[in-house]
Amino acid sequence: MSTTLPSRPLDSATARTVVAPVVPSRSRLRPLGLDEVRITGGFWGERQAVNAAHTLSHILGRLESEGWLPNFDLAAAGTLPAGRRGREFSDSEVYKYLEAAAWEIGRHADADLECTFRAVVDRVGAAQEADGYLNTQFGRVGQQPRWSDLEWGHELYCLGHLFQAAVARERTRPGADDGLLVIARRAADLVCDVFGAEGIPSFCGHPEIEAALAELARVTGDERYAAQAALFVARRGHATLSDIEWGRRYFQDDVPVRDATALSGHAVRANYLAAGAVDVAVESGDDDLLASLRAQWTRTRGRRTYITGGQGSHHQDEAFGDDWELPSDRAYSETCAGIASVMFAWRLLLSEGDAAYADLIERTLFNVVATSPSADGRSFFYANTLHQRVPGVVPDPNATSPRASSSLRAPWFEVSCCPPNVARTLASLDAYVATADDRGIQIHQYAPAEIRTTLDDGRDVSLHVDTTYPSDGTVRITVDHAADEAWTLSLRVPEWARGAGVRVWSDGSVTETTAVDAGWAHVTRPFHAGDVVELDLPMAPRVVIPDPRIDAIRGCVAIERGPEVLALESVDLIAGDDVGEVVLDATVLPVEGDGRVWVQIADRTPTSGGWPFGNGSAAPDSESTRIALVPYHDWGNRGPSTMRVWMPTA
């Protein structure tokens with residue numbers, strides 16, 4: 001089985017409207033939007049329900065109580081800077097909330113949420129200045145001048161999130177009379193005037209506006225926005241911004257985008273920039289830039305990405321480390337970096353069709369995005385360590401955490417980019433499930449879902465997916481309607497799924513059974529209503545050994561099951577034990593039982609003070625005992641604990 005879908009001319013994309021966050025004007029695959037795919041339950045459906053019922057209202061409440069939304073009221077009243085609260089980028093969290101709400105309204109019409117959405121848009125619009133400028137931190141008497149701190153000011157970054165909110169609204173409610181698209185276009189026109197070819201020859205220290213401008217161009221047809229996105233990408237990497245203690249690499253201003261060999265610097269910034277650069281390359285037909293970004297993704301995935309899909313191993317600058325620099329206990333792995341990584345990989349997937357991109361998306365969704373929010377959707381991990389050495393402290397539910405690397409999920413942070421980023425991702429997740437092309441439909445992520453679309457040749461197709469994945473590895477796709485002519489249903493087979501198989505049922509009988517390799521399983525036939533395709537993915541727990549060049553975890557192993565990384569959490573140990581005091585018995589394979597994965601561990605007596613280095617034996621000093629692991633995305637939900645993903649074997 002191939003890992004890449006058959007080639008398709010880049011310029012053969014359809015002109016139909018797609019209700020999705022990313023809609024390239026030219027691509028190999030066409031994303032299926034929220035009007036074509038609906039997740040109906042299961043792992044992701046439950047999280048979407050919590051997001052809609054609890055997370056959105058929680059975010060709005062904190063935006064109000066922290067003063068970040070009232071900042072717009074102060075701006076409209078002309079009383080700023082007095083009373084302004086929050087960091088210089090706090091405007092962006094309001095815009096991300098609007099984007100999340102727009103996608104959620106697109107999924108399920110909600111009169112109350114619609115009313116709230118319009119009220120927030122009114123408050124934002126009232127703060128916009130006559131020429132289109134919109135920011136509560138800069139530009140007024142008593143504030144720094146506009147565009148005077150491009151390194152740290154985040155003015156363009158904030159506007160990027162405004163543009164993405166407007167795109168979400170226009171795609172889910174075309175022509176809505178709330179005014180958000182008008183607000184966004186006035187601001188975008190100003191950006192083009194100020195930073196165009198004859199304007200300020202610089203860019204924002206925090207990339208984000210690049211992808212936003214490209215998508216705004218796609219939704220409005222205004223090529224100025226795409227041209228401005230291309231300008232911002234081309235300008236970066238020429239030492240334009242002021243140098244800082246971490247170097248210009250932090251801003252991705254040390255090497256031109258097309259000359260880079262891997263993502264580096266601040267992990268969120270790097271991924272946002274790469275996502276925007278893919279948009280620029282696709283829209284302009286710049287194959288050289290696209291090839292460079294593909295190579296950067298490949299090296300970053302292979303050498304700078306944690307087993308969870310998390311990215312960023314430096315705390316001080318929230319940045320990538322060098323190749324193989326992936327320490328578990330210093331994993332920063334910011335939730336926003338994971339989301340930005342999904343954005344980058346998804347754009348490459350649409351452009352090329354390689355299943356490897358969807359594999360990393362799946363890994364990141366299950367082990368970073370799903371890890372961040374608590375079960376009730378009202379507290380979050382900002383950073384996602386792979387080894388918690390000290391039990392966490394239960395946060396005050398009414399307090400705001402001053403630290404990103406909180407030891408347990410916190411309800412809010414002084415820098416709260418992650419909660420609304422999670423919200424907008426979950427609300428738009430249906431659009432990452434499947435794609436179509438002139439040959440048929442491709443399913444990338446597995447969840448109970450309904451899929452209804454029109455193929456590029458005009459044939460209507462509808463099917464539904466039944467699965468309890470990742471609890472079980474059987475994915476059953478039933479064709480509800482299809483034309484008589486043959487078309488191809490392509491199912492992603494994850495890289496870890498050795499021994500997968502496909503069965504085809506027609507008229508109640510199995511007509512085809514095929515073993516499939518990692519990559520794509522293609523079923524081509526004239527489907528009829530009632531036909532079933534079953535994908536069986538082996539879900540037995542497996543032992544994972546790290547590349548020996550990752551010094552920090554040499555001699556350790558991890559356990560995975562399906563797309564889920566598992567962890568050892570101290571609440572499952574005998575009282576008083578710590579995960580740092582045990583070793584895995586590698587002679588006993590992990591097994592499943594009672595709905596959990598079990599391994600054998602033994603105690604190892606820690607050094608009793610004094611000098612911690614010597615010639616003593618590293619062998620365990622007790623008989624091994626059976627212990628259950630927990631899916632990494634569930635750790636920290638049972639109170640303070642220590643935790644580790646990579647477990648020593650001696």
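Colleague: Where does Ala-239 lie?
Modeller: Ala-239 sits in the loop between helix 8 and helix 9. Helices are DSSP runs of H or I with at least four residues, strands runs of E with at least two, numbered from the N terminus. This is a predicted model, with residues numbered from 1 along each chain as its sequence is written. Local features need pLDDT of at least 70, side-chain atom pairs 80 or more, while totals for chains, interfaces and linings use all residues; side-chain values use heavy atoms, without hydrogens or water.

Colleague: Why is Ala-239 called partly exposed?
Modeller: Its relative accessible area is 41%. Buried means under 20%, exposed over 50%, and partly exposed in between (1.4 Å probe, protein chains only). So Ala-239 is partly exposed.

Colleague: What is the phi of Ala-239?
Modeller: Near 55°, a positive value in a residue other than glycine. Most residues other than glycine have a negative phi.

Colleague: Why does Ser-333 count as buried?
Modeller: Ser-333 has 1% relative accessibility, so it counts as buried. Ser-333 lies in the loop between helix 10 (287-303) and helix 11 (335-352). Its phi is also positive, about 45°, although Ser-333 is not a glycine.

Colleague: What span does helix 8 reach from its first C-alpha to its last?
Modeller: Helix 8 (residues 223-235) has 13 residues and reaches 18 Å, close to the 18 Å expected. The expected span is 1.5 Å times one less than the number of residues.

Colleague: Which residues of helix 8 are buried, and what covers them?
Modeller: The buried residues are Tyr-225, Ala-226, Gln-228, Ala-229, Phe-232, Val-233 and Arg-235. Their cover includes helix 5 (155-172), helix 6 (180-195), helix 7 (209-220) and helix 9 (267-284). Contact here means heavy atoms within 4.5 Å. After helix 8 comes Gly-237, with a positive phi near 100°.

Colleague: Which peptide bond to Pro-81 is cis?
Modeller: The bond joining Leu-80 and Pro-81, with omega about 10°. Pro-81 is in the loop between helix 2 (70-77) and helix 3 (90-107). The bond from Tyr-469 to Pro-470 is cis too, with omega near 10°. Pro-470 lies between strand 7 (460-467) and strand 8 (474-481), in the loop.

Colleague: Why does Ile-545 count as exposed?
Modeller: Ile-545 has 67% relative accessibility, so it counts as exposed. Ile-545 is found in the loop between strand 14 (542-544) and strand 15 (556-561).
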